Amino acid sequence: MKIKYFLPILLGLTIVFSCEKNNKEIYEKESTTKFEYVVEQFADIKILRYQIPGFEELSLKQKQLVYYLSEAGMSGRDIIYDQNYRYNLQIRRAFEHIYQNYKGDKTSVEWKSFETYLKRVWFSNGIHHHYSTAKFKAEFSKEYLRKLLNETGTKLKTDVFDVIFNDTDSKKVNLDASKGLLVGSAVNFYSPNITSEEVDKFYASKMDKNDLTPIEYGLNSKLIKNTNGALEEKVWKVGSMYSSAIEKVIFWLNKATEVAENQEQAAALKLLIKFYETGDLKIWDQYNIAWATSTKGDIDYINGFIEVYNDPKAFRGSFESIVEIKDFDMSKKMAVVSENAQWFEDNSPIIEAHKKKNVVGVSYKTVNVASESGDSSPSTPIGVNLPNNNWIRQNHGSKSVSLGNLIEAYNQAGGTDRLKEFAYNEDEVNTEIKYGQLADKLHTALHEVIGHASGKINPGVGQPKETMKNYASTLEEARADLVGLYFLPDLKLVDLKLSPNAKELGKAAYDGYIRNGLLTQLIRLNLGDDIEEAHMRNRQLVAAWAFEKGAKENVIEKVVKDNKTYFVVRDYDKLRVLFGELLREIQRIKSEGDFESGKALVETYGVKVDQEIHKEVLERNSKFKSAPYSGFINPILVPKEDATGKIIDIVVEQPKSFTDEMLYYAKNYSNLPDQN
């Protein structure tokens, strides 16, 4: 599971290269002058840079491990494009060819529009927005694109050309069941002729709700209809779908095993390789157990088909990779969160029967990202808790990480203008400035370490993706958020020396969450849109539910001042009680598999937007020049070799521009054919 930043955030990917010969025009060595975080801005995106603290302190063997793991992740980059939409690779490659070969006027409005469209495709890993999942609207004409295709000798099939301009496949992920979860979704996880009901029937015949150790059904395959009209899984493995990319991933993972920090780490990597070779989800479970219990090294990673947010049916995992270096100082400070996991579980407001009696194997680290790819790039989480399989988490534990250097980069590049516009008064602004960053860090820790690891499912109740279906992700993120919100004002955090002031930290967290859930996150939506993204739905659900339930006691007050709307927390203690009540209910829904109650919560509070407030928010936000989303170009790891070709060091270099990096990726990591 992932947590997104409270403010609009898109963080990015790091790349590594196997040779330094051709890097001079694309990358520059890190300067000793002040680090420049902001690179460029286009559409609704701001491109930033980030650094990799601690890399120089690693041994050569550790640097090689980071390098090989990073190469493994980048080798699977094409997979996420194809998973997101069946025509993405064809469109991206055609547009890249045009960009590099067009000799005409590059100062015209239409060329600039074409260039922006291509950058948006790079940023979102396809032609649908990374957050709203709505298809991009081309700001250039059909005639202009035909001109570019003709003058550069670029081929694009008619149906692929047409989809750029028409209304076909307008949403990557549609969560509105009335429109058809699969019919309304462009994501490339199912054949177009398969219905949601057929998927339910297919997996219902395979699942046993009394199985205490179920596999993650459908996680690593595309569901298709064969020539006989029967459903079958087209598995992502060697010799099957995505084989050419997976073989490259395996090549680099094998090299990583040779420089692993310890036997446990090497054993886990070998199981991951075996999973990619066989596609066997039982081996995937064995790998996740080995990975979750391998906690001794300074280097860690995420690699595989993992998060199911992009599947409206919540079965299929998107490819992603993150390579991490432990932040020793911050990890030591934050280790007390996982060490006290049982205390948080015992003192949670959820029903006693839904509490774990023995919370096991919860580890928490702050890490510095060295590389990201796939679904984690350029849009990245700031916190991750894995594995996702509930029985593994309950019996063997889980790992939680906070991506410290990405949070730091985002904070360094941010400002306070929007805060001052949407915060009610100066006191709210000052509290956010003083305590907001720490509150966000602690909320991330509590969300990932305690939230996702807490609670248990009743015996005989299926996994959430079976019971909660298209509402599973939203409810799980709301549950984890509420755990963090409930404990942030607790004196326990002061006792653990994590919080300097429970009251003020809680105020900053509560003010920010309500402000974001009911106001500022709406800048991400076009006027008239419903909320589709799971994290956005969960934040509005929590905030709107608390606003409504606390209305009689004026816990949160809607205030109009100078013709501007604000939501002001008037009673923080009562708001905490409300958060506890909602947490108790959502945990009950998950534990009992109560689909109708879960559906009612999400549909009532998390989907529809107050159009008058939305219009006002967009108007108030229009004066700001800074884009609402941020993402990163990324440092690279460049191997240095001696005369014999032996690696003697690996150095960090920074890319010059977003475009140069994306074109380099296309040249060096295009490991799949146009159609798969």
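Helix 20 and helix 22 are roughly perpendicular to each other, a class that covers angles of 65 to 115 degrees, with under 35 counted as roughly parallel, over 145 as roughly antiparallel and the rest as oblique. The model is predicted, with local features requiring pLDDT of at least 70 and side-chain atom pairs pLDDT 80 or more, while totals for chains, interfaces and linings use all residues. Residues are numbered from 1 along each chain as its sequence is written, and side-chain values use heavy atoms, without hydrogens and water.

**The pair of helices 20 and 22**

The axes of helix 20 (residues 502-518) and helix 22 (residues 572-592) cross at roughly 65° and come within 11 Å. Helix 20 contributes K507, Y510, D511 and I514 to the contact, and helix 22 contributes Y572, L575, R576 and F579; contact here means heavy atoms within 4.5 Å. By class, the residues of this contact are 5 nonpolar, no polar and 3 charged. The crossing of helix 20 and helix 22 is left-handed.

**Enclosed helices**

Helices are DSSP runs of H or I with at least four residues, and strands are runs of E with at least two. Helix 18 (residues 472-487) has 16 residues and spans 23 Å from its first C-alpha to its last, close to the 22 Å expected at 1.5 Å a residue. Because 16 of its 16 residues are buried, helix 18 is largely enclosed by the rest of the structure. Buried means under 20% relative accessible area, exposed over 50%, and partly exposed in between, with a 1.4 Å probe and protein chains only.

Helix 14 (residues 404-413) is also largely enclosed, since 8 of its 10 residues are buried. The buried residues of helix 14 are G404, N405, L406, I407, A409, Y410, N411 and A413. Their cover includes strand 4 (38-42), strand 5 (45-48), strand 10 (362-374), strand 12 (398-403), helix 16 (426-451) and strand 15 (629-632).

**Two individual residues**

| Residue | Relative accessibility | Class |
|---|---|---|
| F251 | 45% | partly exposed |
| T467 | 10% | buried |

F251 belongs to helix 8 (residues 243-258). Although F251 and A72 are 179 residues apart in sequence, their C-alpha atoms are 7.5 Å apart in space.

T467 is part of helix 17 (residues 464-467). Leaving aside residues up to four places away in sequence, T467 touches V461, G462, G593 and F595.

Methods. Expected span 1.5 Å × (residues − 1). Axes fitted to C-alpha atoms, helices over the stretch in contact; angles between N-to-C directions. Left-handed = near helix turned anticlockwise from the far one by under 90°. Nonpolar A, V, L, I, M, F, W, Y, C, P; charged D, E, K, R; others polar.
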